[in-house]
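Reader: I'd like to learn how to read a structure like this one. Could you take me through it a feature at a time?

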Amino acid sequence: MEWKNKADVVIVGGGILGVATAYYLAKLGRKDIVVLEKGTVCSGSTGRCGAGIRAQWGTEMNCRLGLAALDIFEQLDDELGLPTGLNQGGYLLVAYSEKEFENLKKGMKLQNDLGVKTRVVSLAEARGICPALDASDAVGFTYHARDGHADPFLTTFAYLEVAKRLGVSYFRRTEVTGVTVKGGKAVGVDTTKGHIDADLVINCAGAYAQVIAKMAGVDLPNWGERHEIMITEPVEPGVCPPMLMSFSGNYYIQQRPHGSIICGVSPKGHPQDFELRTTWQFITHMSTVLNKLLPVTKGIRIVRHWSGLYDMTPDGSPIIGETDVKNFYHSTGYSGHGFMLGPIAGKILAQHLTGSKPDIDFSMLDYRRFARGELIVEPNIT
Amino acid sequence: MPDKEKDIVVCRCEEITLGEIREWIDRGYDSVNEIKRVLRAGMGPCQGRGCQDIIMREISRRHGIPLDEVEAGTVRPPVKSIKTGLLVAGGGE
């Protein structure tokens with residue numbers, strides 16, 4: 001594709017956030033949009049994620065975003081005309097102490113008030129939802145049937161293919177090396193392919209967002225946190241149809257519609273080094289967790305193991321909005337949940353930038369909340 | 001493409017055909033990883049041992065890139081599949 005040296009909107013980062021934002025901007029009438037991707041399509045965090053989508057959150061903002069994201073996912077195949085691999089097997093959250101169960105129920109009350117139909121289920125009912133589940137040491141469970149899974153690859157490629165049809169340009173293997181600021185306004189970016197002038201620059205660089213922000217002189221307190229994850233060979237369905245997740249148990253496990261089981265844990269020590277290494281300790285620990293919860297998995301083989309970066313913020317909530325540099329926007333800091341929130345985040349930012357009222361008012365997600373000490377702490381993260 | 005080539009199964013683990021692979025290469029994708037991500041070719045139990053060379057050759061031909069410049073797919077651990085039960089302390093069958 002021929003290089004462009006001028007655009008209306010330049011989006012830094014070609015993962016789910018970048019392509020969804022580009023798609024909704026183009027759909028709502030912005031012309032001349034360019035997306036810049038350092039690697040290839042889905043080579044960053046989007047293609048490395050656990051693929052879950054849920055509305056069982058602990059803050060009002062994340063519940064609203066999660067529920068609106070489900071609304072989008074449920075009609076996205078029709079809207080884009082390409083499959084996104086949506087499979088709603090629910091999220092089954094597991095509590096291992098009375099205190100943790102109380103916290104889940106507190107979250108459920110908030111979710112119910114906002115229209116998320118989470119409910120408490122018994123161990124017998126949990127086994128009906130997840131037939132291979134042992135979990136005899138669990139104290140309680142909550143379940144939301146509309147939660148589930150979509151395919152991050154298919155979803156990103158689908159948004160991208162349709163965005164391209166709407167005139168969006170997508171440059172792969174193009175790394176941003178500088179953000180040009182003149183008179184307090186962002187006016188372009190430098191890249192490994194050359195300079196590009198822009199009226200608007202949107203930072204969707206995931207775990208590298210703070211690096212891009214710094215190029216414009218904006219400090220973000222974000223960091224990239226390495227998480228490991230693995231997937232098994234495909235087996236008969238019915239092992240773990242819901243996303244089985246526990247905050248204290250520190251795991252998430254789900255069988256994809258295709259039959260393979262994908263699972264991960266949060267790292268100990270939370271490395272913040274941008275490395276994408278994998279460790280033997282992870283697969284032995286993960287296998288132990290997996291075999292205990294779902295004994296039938298003992299004879300199932302791991303085929304692949306990799307790692308990816310959560311784009312963390314100090315409160316675990318996203319950053320969306322303009323910065324002290326005019327025309328320089330962020331949509332980042334999704335803290336491990338950028339794939340599931342990407343569609344709604346792209347839509348509301350595009351609505352804001354095309355002069356319509358966003359479906360969800362995101363002004364509280366301004367990055368200056370950290371300096372003001374107004375954190376929106378999300379407890380439901382693993 | 002001759003019709004008889006279209007249905008040739010290239011990735012046997014995931015049953016991906018030559019026709020599907022050529023369709024996505026022709027949309028502009030030129031790396032094994034992208035074809036793997038969008039079609040699952042190379043994601044099955046053999047992890048691309050059977051299909052990677054064929055996909056690279058197709059990319060080379062259709063995009064006019066020398067074969068040795070086509071980006072190969074990422075090789076991920078554990079390389080050969082392992083039963084989870086064998087990784088657990090006191091495991092084995």
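Reader: Let's start with β9(A) and β10(A): how many residues lie between them in the hairpin?
Author: Strands, like helices, are DSSP runs numbered from the N terminus (E, at least two residues, for strands; H or I, at least four, for helices). β9(A) and β10(A) form a hairpin with two residues between them, and in this predicted model the turn residue Gly183(A) has a positive phi of about 55 degrees. Six bridges join β9 (residues 176–182) to β10 (residues 185–191), which run antiparallel. Val176(A), for instance, stands opposite Thr191(A).

Reader: Before we go on, how should I read the numbering and the model?
Author: Residues are numbered from 1 along each chain as its sequence is written, while chains are lettered from A and ligands numbered from 1 in the order in which they are written. As the model is predicted, local features need pLDDT of at least 70 and side-chain atom pairs count only at pLDDT 80 or more, whereas totals for chains, interfaces and linings use all residues. pLDDT is the predictor's confidence in each residue, from 0 to 100. Chain B averages 94, with 96% of the residues scoring at least 70, and the model scores ipTM 0.94 and pTM 0.97.

Reader: Which strand order does the open sheet of nine strands have?
Author: Two strands pair if DSSP finds at least two bridges between them. Here the order is β5(A)-β6(A)-β4(A)-β13(A)-β14(A)-β15(A)-β12(A)-β16(A)-β3(B), with mixed pairing. β5 (119–121) of chain A and β3 of chain B stand at the edges with a single partner strand each, so one side of each has no neighbour in the sheet. Within the sheet, β4 (residues 91–95) and β13 (residues 243–246) of chain A run parallel, joined by three bridges; Leu92(A) has Leu244(A) as its bridge partner there.

Reader: And how do β16 of chain A and β3(B) run, parallel or antiparallel?
Author: They run antiparallel, and two bridges join them. Arg301(A) has Lys83(B) as its bridge partner.

Reader: How many residues of each chain are in contact?
Author: Contact means that the C-beta atoms of two residues, placed from the backbone, lie within 7 Å. By that rule, 17 residues of chain B are in contact with 26 residues of chain A. On chain B's side, α3 (32–39) and β3 (82–83) each supply at least two residues, and α3(B) gives the most, with four. That side has seven nonpolar, six polar and four charged residues. For these classes, Ala, Val, Leu, Ile, Met, Phe, Trp, Tyr, Cys and Pro count as nonpolar, Asp, Glu, Lys and Arg as charged, and the others, Gly among them, as polar.

Reader: Now helices. At what angle do α1 and α8 of chain A pack?
Author: Two packed helices are described by the angle between their axes and the distance between the axes. The axes are lines fitted to C-alpha atoms over the stretch in contact, with angles from 0 to 180 degrees between N-to-C directions. α1 (residues 16–27) and α8 (residues 338–353) of chain A pack at about 35 degrees, with axes 8 Å apart. Their contact includes Ala20(A) of α1(A) and Gly342(A) of α8(A), and its residues divide into twelve nonpolar, four polar and one charged.

Reader: What about α1(A) and α5(A), how do they pack?
Author: α5 (residues 152–165) packs against α1(A) at about 35 degrees too, with the axes 9 Å apart. Among the residues making this contact are Val19(A) of α1(A) and Tyr159(A) of α5(A). By class there are eleven nonpolar, two polar and no charged residues.
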